[in-house]
Amino acid sequence: MTIILFDDSARESLLPLTFTRPVAALRVGILTIAEKWAEYLQGDIAYLTADYLQEKFRLSTSRQNIFINGSVCPDDALLEAVSGLREGEALRQNDLLIAVKFNEHDARDFHLNIAGIKTINYTSDLTRIVYPEDVFLKNETELRRDFKLLSGKRSSGNLSSTNTILGDNIFVEEGAVAECSTFNTLQGPVYLGKNSEVWEGCMIRGAFALCNNSQVKMGAKIYPKTTIGPYCRVGGEINNAVIQGYSSKGHEGYLGNSVIGEWCNIGADSNNSNLKNNYKEVKLWDYSTLKYRNTGLQFCGLIMADHSKCGINTMFNTGTVAGVCANVFGAGFPPNFVPDFSWGGQQKMETYFPEKAMETIGRVFLRRNRIFDDTEKQILAKVFDLTKQYRNF
């Protein structure tokens, strides 16, 4: 069976995080949404997304296909409902299409408008990622589910006796190491992925996930509801943040109630505010409406899309959105919306042209033994074109 994760209107409301990936490729908890469905349903993953992303995130079909809304995270009740679908049946919740099962012939003509098909109404609660802040808001729930899914009946590895572990809700994958650090699992689980490292003197409180091949540097303080994706290096103080992967926040400074994309770098002693001085609700720039949207949240920090970076001592104001390939530096607070492919800060912003941005990206990829290929370049070139309207300088 092929599991085809399709994008719906959530892709627009999740920008800029979804300029460079389908919704289901977002990491929430330990796994991406696509990885969750693959683990539960034991099928091959494919994507139905924007045309310019399909070369990287492939669409394929087989004799049996189940289309699943990429913004919806699985749980036990939803899995039962989805697994119970017969060929030619759809699962909905009001106007939301959750899943539909098709044979190979009908799968080729799939469209979000499937009027006339037999519909089953789903009435239970579900977890759906619709806005960027949902990634950190729902991270603890998903982290706990993923922890249970991945640990299951497996045996955890052991950590060095130099560590202090409070409680026993910890799972250590093969190759994970830690020394002279404190792990508090009394309020939530701690997951250490394959070949991950926690250096000396770190204080970590669950729920927390450190994904494969990532590192926590000496003396870091990490609070609950935090996920560090694969191939990252982090330090300083982190609270309720999700770093998608391949990114670095390696130095002192605070990151809280935030989402950081892939291939990002946070300069030394950079901080984000997650609470307004007047305690009012935080607004975030919304690409779909071209204005700031009230999140209804008192705590909301930084949303940073893929390939973005900031210089040392950068101060991000409460509710800042930095687009794809934003390069932020200089004194003072940068704007609350830093457009995609922009360069500068409070004093001046200018266009960060793709040729210059891609030179840097190529060097960053080489440091991780990755190839910055034509597919990646074409995606970023398309994003540059799609975001011209936001660069008014």
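Colleague: Is N65 buried or exposed?
Modeller: This is a predicted model, and in it N65 sits in strand β3, which covers residues 64-69. Its relative accessibility is 0%, and the cut-off for a buried residue is under 20%, so N65 counts as buried.

Colleague: Is R63 buried or exposed?
Modeller: R63 is placed in the loop between β2 (44-48) and β3, and, leaving aside its neighbours within four places in sequence, R63 is in contact with F102, N103 and E104. The relative accessibility of R63 is 73%, and the cut-off for this class is over 50%, so R63 counts as exposed.

Colleague: How many Å apart in space are R63 and R11, C-alpha to C-alpha?
Modeller: Along the sequence, R63 and R11 are 52 residues apart. In space, taken from C-alpha to C-alpha, the separation of R63 and R11 is 28 Å.

Colleague: Turning to the domains, how many Å separate the centres of domain 1 and domain 2?
Modeller: The domain assignment divides the chain into domain 1, residues 2-130, and domain 2, residues 133-390. When the centres of domain 1 and domain 2 are taken over C-alpha atoms, their separation is 25 Å.

Colleague: What area do domain 1 and domain 2 bury between them?
Modeller: The size of an interface is often given as the accessible area lost when the parts come together. Here 28 residues of domain 1 are in contact with 41 residues of domain 2. Of the area that domain 1 and domain 2 bury between them, 66% is on carbon and sulfur atoms, and the total is about 2900 Å².

Colleague: Which element gives the most to the side of domain 1 that touches domain 2?
Modeller: Between domain 1 and domain 2 there are 13 residue pairs in polar contact. On the side of domain 1 that touches domain 2, α2 (33-41) and β8 (127-128) each supply at least two residues. The element that gives the most there, with 3 residues, is α2.

Colleague: How many nonpolar residues does the side of domain 1 that touches domain 2 have?
Modeller: Sorted by class, the side of domain 1 that touches domain 2 has 3 polar and 9 charged residues. The nonpolar residues on that side number 16.

Colleague: How many salt bridges does the rule find across the interface of domain 1 and domain 2?
Modeller: A salt bridge here needs a side-chain nitrogen of Lys or Arg within 4 Å of a carboxyl oxygen of Asp or Glu. The side chains of D306 and R21 meet in such a bridge, at 3.0 Å from N to O. Across the interface of domain 1 and domain 2, the number found by the rule is 6.

Colleague: Where is H251 found, and how exposed is H251?
Modeller: H251 is found in the loop between β22 (248-249) and β23 (254-262). Leaving aside neighbours within four places in sequence, H251 is in contact with K217, G235, G236, A268 and D269. H251 is partly exposed, with a relative accessible area of 40%.

Colleague: What is the omega of the cis peptide bond that joins G206 and A207?
Modeller: Most residues other than glycine have a negative phi, and most peptide bonds are trans. The bond from L15 to P16 is cis, with omega near 10°, and P16 lies in the loop between α1 (10-13) and α2. A207 is found in the loop between β15 (203-205) and β16 (208-210), and for the cis bond joining G206 and A207 omega is about 15°.

Colleague: What is the phi of Y231?
Modeller: K225, in the loop between β18 (221-222) and β19 (226-228), has a positive phi of about 65° although it is not a glycine. Y231 lies in the loop between β19 and β20 (233-234) and is partly exposed, with a relative accessible area of 34%. Y231 is likewise a residue other than glycine with a positive phi, and its value is near 55°.

Key
Residues are numbered from 1 along each chain as its sequence is written. This is a predicted model: local features need pLDDT of at least 70, side-chain atom pairs count only at pLDDT 80 or more; totals for chains, interfaces and linings use all residues. Side-chain values use heavy atoms; hydrogens and water are left out. Domain bounds come from an automatic or database domain assignment. Contact means heavy atoms within 4.5 Å. Buried area is the accessible area (1.4 Å probe) that two parts lose on being put together, summed over both. A polar contact is a pair of N or O atoms within 3.5 Å; within protein, one must be able to donate a hydrogen and the other to accept it, and residues adjacent in sequence count only if both atoms are side-chain atoms. Helices (H or I, at least four residues) and strands (E, at least two) are DSSP runs, numbered from the N terminus. Ala, Val, Leu, Ile, Met, Phe, Trp, Tyr, Cys and Pro count as nonpolar, Asp, Glu, Lys and Arg as charged, and the others, Gly among them, as polar. Buried means under 20% relative accessible area, exposed over 50%, partly exposed in between (1.4 Å probe, protein chains only).
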